[in-house]
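Please keep the sequence and the three-dimensional view at hand while reading.

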Amino acid sequence: MADLAGNLARAEAALARFSGGVAHRIGGRDVRSDASFETVSPVDGAVLAQVARGGAAEIDAAVQAANAAFAEWKAMPGKERRALLHKVADAIVARADDIAVVEAMDTGQAIRFMSKAAVRGAENFRFFADKAPEACDGQTLHAPGQVNMTSRRPIGPVGVITPWNTPFMLSTWKIAPALAAGCTVVQKPAEFSPLTARLLVEIAEEAGLPPGVLNVVNGFGEDCGRALTEHPGIRAVAFVGESATGSHIMRQGADTLKRVHFELGGKNPVIVFDDADLERAVDAAVFMIYSLNGERCTSSSRLLVQDTVYDEVCAKVAERAARIRVGHPLDPETVIGPLIHPVHEKKVLSYFEKAVAEGATIATGGKKLGETGCYVAPTLFTHATNEMAVSREEIFGPVLTAIPFRDEADALRIANDTEYGLTAYLWTRDLERAFRMTSALEAGMMWVNSENVRHLPTPFGGVKASGIGRDGGDWSFDFYMETVNVCFATTEHRIPRLGG
């Protein structure tokens, strides 16, 4: 990894290609709009690029392009799609450095994490590429006098609305399985971080992806996003973002009976019992809230600690948080960079006053850093209860709330007392307790004595207000494909005769 000066030079060169603005990519062609918006760097507020702002007309053109490309893409044998998607993965790896520095400057995420974003994106493409030949496979089900054969078929053009946090990797997490399944895609990137979506579609087309298979339209949710979710030519919408926005998308897609897949918010507990390996538990809790600026749906934003070790654990976390390096995202030593945008920074800062007013203690952090950029100190609230705003609302920043509990029942009550249910993390050496707790926790994904370590074949998704559906492995194909059953009669069975 280069030093700050080297990364700044690379970023300047990589960003120069956006000096003429960012167009939509529709049917393999650049398309401009009458209106545009600025994407700014949270490092210093500098304008990185002018981005075409699309609406209903651009979405309609993109849907038409996706529909025109669908028949040929759907008919391509799975082995051929596998080979092509591997070429896309190779091309992503070749451009990994450019993707990393552009994403760091557009989102504020530290280069130490973004340097791996492109590699993870390539891994997503490779994983689903290898599954493409089997995507249509089904089952043979025998019954007396008949044989049933199931298969899967790509659902058609789909909409993918991607978030502003780690946008490149999360885009590939949605787009790769859609393409492997035989669907065509219209993507609307988040308006706060649109640049790497442009890189992805360029990379894919240069690797041989046919025009119109992946289309990108930039814009805002209220017009561009709404046009996508309401368009009758879009069969399904995959969305990553806030729970409230997911509700809007469900309403907007209701008239056309769209299938939806939502990866939404979380207020995830990390539960530490007094028999746990406390050093490892602290390592995991600190990593899961302060990496990626805390702007991650799976962050462990509620630290539930047994009262017998509460002070000890909180002291360790506070000491570690106070030493975390906050700085320029292209500095290899930086752990926390600036938050994505001044609007989001203002939201995060608003919780510091709320926490103190409700009786929590700021053990460390709790302030803005510097006059330039969206820098916020890593923060720990202690002496909190689960009724406080900082315990109930998704802050989506480097902010951790520590809550004491007495015993298993109390920990379970606090952990489940939330509208969300994405992830939970459990630290204990008691195997029986681990089984009891994981059987009763209301979360779609749980890790025991571990931070979030993803295994791509496993299902990813939440319960309650944290989402609908599952990503990963074969679960992704269940969303992007229709299951069809064909029944073959094997005997001349008696057919009821009416009117004879």
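This is a predicted model: local features need pLDDT of at least 70, side-chain atom pairs count only at pLDDT 80 or more; totals for chains, interfaces and linings use all residues.

In which helix is the place of Arg436? Arg436 belongs to helix H16, which covers residues 431-440.

Arg436 counts as partly exposed, because its relative accessibility is 41%, a value that lies between the limits of 20% for buried and 50% for exposed. When neighbours within four places in sequence are left aside, the contacts of Arg433 are Phe273, Asp275, Glu408 and Thr428.

Attention now turns to a pair of helices. Two packed helices are described by the angle between their axes and by the distance between those axes. Helix H3 comprises residues 78-94 and helix H6 comprises residues 117-131; their axes come within 8 Å and cross at roughly 170°. H3 is therefore roughly antiparallel to H6, since angles over 145 degrees are placed in that class. On the side of H3, the residues that take part in the contact are Arg82, Leu85, His86, Val88, Ala89, Asp90, Ile92 and Val93, and they meet Ala118, Gly121, Ala122, Phe125, Arg126, Ala129 and Asp130 of H6. Sorted by class, the contact of these two helices has nine nonpolar, two polar and four charged residues.

The next element to examine is a strand. Strand S10 is formed by residues 236-240, and five of its five residues are buried, so that the strand is mostly covered. Strand S7, residues 158-161, runs parallel to S10 and is joined to S10 by four bridges. Within this pairing, Val160 stands opposite Ala238 of S10. Strand S11, residues 259-263, is likewise parallel to S10, with five bridges joining the two. There, Ala236 has Arg259 in S11 as its bridge partner.

Asn218 is placed between strand S9 (214-216) and helix H9 (221-230), in the loop that links them. With a relative accessible area of 2%, Asn218 is buried. Residues up to four places away in sequence being set aside, Asn218 touches Val22, Ala23, His24, Phe37, Val51, Ala52, Arg53, Gly54, Pro189, Pro194 and Cys224.

How many disulfides does the structure hold? The number is zero. Cys183 is in no disulfide, and the nearest cysteine sulfur, which belongs to Cys136, is 10 Å away; a disulfide would require two cysteine sulfur atoms within 2.5 Å. Cys183 is buried, because its relative accessible area is 0%. Cys224 is in no disulfide either, and the nearest cysteine sulfur to it, that of Cys183, is 20 Å away. Cys224 is buried as well, with a relative accessible area of 0%.

Key: Residues are numbered from 1 along each chain as its sequence is written. Side-chain values use heavy atoms; hydrogens and water are left out. Axes are lines fitted to C-alpha atoms, for helices over the stretch in contact, and angles run from 0 to 180 degrees between N-to-C directions. Angles under 35 degrees count as roughly parallel, over 145 as roughly antiparallel, 65 to 115 as roughly perpendicular and the rest as oblique. Contact means heavy atoms within 4.5 Å. Ala, Val, Leu, Ile, Met, Phe, Trp, Tyr, Cys and Pro count as nonpolar, Asp, Glu, Lys and Arg as charged, and the others, Gly among them, as polar. Buried means under 20% relative accessible area, exposed over 50%, partly exposed in between (1.4 Å probe, protein chains only). Two strands pair if DSSP finds at least two bridges between them.
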